[in-house]
Amino acid sequence: MTTRLNANTVATRYWHVLTDGKVQCDLCPRFCKLHEGQRGLCFVRQNLDAQIVMTSYGRSSGFAIDPIEKKPLNHFLPGTPIFSFGTAGCNLACKFCQNWDISKSREMDTLMSLASPETIARAALEHGCGSVAYTYNDPVIFHEYAIDTAQACRELGLKSVAVTAGYVCAEPRAEFYRYMDAANVDLKAFSEDFYRKVTGGHLQPVLETLQYLKHETPVWFELTTLLIPGANDSQAELEAMTQWVVEHLGPDVPMHFTAFHPDWKMPDTPPTPRSTLLLARSIALKNGVRYAYVGNVHDKSAESTYCHGCGKVLIGRDWYELSDWNLDAAGNCRFCGSACAGFFNPLPGDWGAKRQTVHF
């Protein structure tokens with residue numbers, strides 16, 4: 001159990017004291033080295049009395065019920081509602097952040113909603129959700145809160161979903177994913193130069209997280225890449241990325257290519273053309289990715305799931321609304337019997353595109 005130091009501050013495990021008296025946070029590859037009272041880049045982890053503490057436990061930027069496809073997850077409980085929440089702060093510094101008001105917040109007043117892990121789990125169950133998402137900002141930085149909530153969810157038969165950039169060290173990663181059932185991981189680009197200059201991070205730790213998830217856990221995961229004109233959308237980079245995915249993760253990991261819109265520190269970069277997303281999807285399919293999608297644009301054919309065996313539509317999608325459903329109760333194609341990779345109920349959910357705010 002997490003040890004509380006006061007109402008919203010808890011002790012953490014992943015840190016060590018340096019010879020100069022600073023304390024190094026070992027949760028993520030930033031390895032922030034903090035003097036007494038100093039906060040890390042994420043803002044919610046702080047050196048307090050020569051230890052790293054988390055200062056936002058039990059406080060959220062808000063709660064909502066979303067369609068699970070919004071995470072985005074297309075192969076995990078399609079059509080169902082997912083109880084979603086986040087906190088504030090982030091351990092990356094993406095110049096294109098689409099949730100910058102939350103992830104870059106330095107105001108604890110952003111965290112106005114209070115809820116214990118048990119309260120969240122009960123609320124999700126009472127609202128008919130089969131799963132809870134740790135999202136809006138990266139759950140890596142609220143590691144303790146997310147794990148405690150996932151444990152409470154598991155006791156009630158609910159699944160847990162991490163929406164993350166995968167920027168985390170090996171030991172906390174292993175602990176975190178013991179309690180997760182699914183994840184959507186942002187693979188923000190496929191170049192170290194992009195990660196260093198645009199996100200303030202590094203590519204290799206993310207690739208290591210992806211390989212860990214695939215080869216050492218039962219966690220279902222999908223990938224998302226926000227394509228930014230002139231930054232990470234070259235054909236050569238898309239070729240290299242999709243080839244790496246098939247070689248190291250296999251053909252069954254779904255890839256989502258989503259459209260950028262000008263925001264945060266990149267207001268002068270143009271929105272992503274639909275043609276770029278469709279090109280990325282076609283490159284992925286050509287290179288052996290079985291399930292490739294576009295997002296943030298309306299294109300039913302490129303949002304739908306197709307059988308890798310016979311090519312027929314398995315799950316039709318129109319934004320977040322499901323139409324066709326051609327999976328049998330075992331998750332196989334009704335036409336040819338080929339298995340569709342994923343985690344499916346015998347029947348799809350009917351939540352649709354609704355978003356419902358929840359207040360405690």
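Leaving aside its neighbours within four places in sequence, which residues is tryptophan 351 in contact with? They are Ile65, Asp66, Pro67, Gly79, Thr80, Pro81 and Gln356, where contact means heavy atoms within 4.5 Å. Bear in mind that this is a predicted model, so local features need pLDDT of at least 70 and side-chain atom pairs count only at pLDDT 80 or more, while totals for chains, interfaces and linings use all residues. Residues are numbered from 1 along each chain as its sequence is written, and side-chain values use heavy atoms, with hydrogens and water left out.

**Around tryptophan 351**

- Tryptophan 351 sits in the loop between strand 19 (321–325) and strand 20 (356–358); helices (H or I, at least four residues) and strands (E, at least two) are DSSP runs, numbered from the N terminus.
- Its relative accessible area is 13%, so tryptophan 351 is buried (buried means under 20% relative accessible area, exposed over 50%, partly exposed in between, with a 1.4 Å probe and protein chains only).
- Glycine 79 is 272 residues away from tryptophan 351 in sequence, yet the C-alpha to C-alpha gap is 5.6 Å.

- Nine strands make an open sheet in the order 16-15-14-13-12-11-9-8-20, and the pairing is mixed (two strands pair if DSSP finds at least two bridges between them).
- Strand 16 (292–295) and strand 20 are the edges, each pairing on one side only.
- On average, neighbouring strands of this sheet are turned by 25° against each other, direction ignored; axes are lines fitted to C-alpha atoms, for helices over the stretch in contact, and angles run from 0 to 180 degrees between N-to-C directions.
- Strand 14 (residues 220–227) and strand 15 (residues 255–259) run parallel, joined by five bridges, and leucine 226 faces threonine 258 in strand 15.

- Strand 9 (residues 81–86) runs parallel to strand 11 with four bridges, and isoleucine 82 has serine 131 as its bridge partner.
- Strand 12 (residues 159–164) also pairs with strand 11 in the parallel sense over four bridges; here valine 132 stands opposite serine 160.
- Strand 11, helix 3 (residues 143–155) and strand 12 form a right-handed β-α-β unit (right-handed if, with the strands pointing away from the viewer, the path from the first strand over the helix to the second runs clockwise).
- Helix 3 lies across strand 9, strand 11 and strand 12, at about 175° to strand 11.

**Helix packing**

- Helix 2 (residues 117–126) and helix 3 pack at about 45°, with axes 8 Å apart.
- The two, helix 2 and helix 3, are therefore oblique to each other (angles under 35 degrees count as roughly parallel, over 145 as roughly antiparallel, 65 to 115 as roughly perpendicular and the rest as oblique).
- Pro117, Glu118, Ile120 and Ala121 of helix 2 meet Tyr145, Asp148, Thr149, Ala152 and Cys153 of helix 3.
- Helix 4 (residues 170–177) and helix 6 (residues 204–216) pack at about 40°, with their axes 11 Å apart, which makes helix 4 oblique to helix 6.
- Arg173, Ala174 and Tyr177 of helix 4 make that contact with Pro205, Glu208, Thr209, Tyr212 and Leu213 of helix 6.
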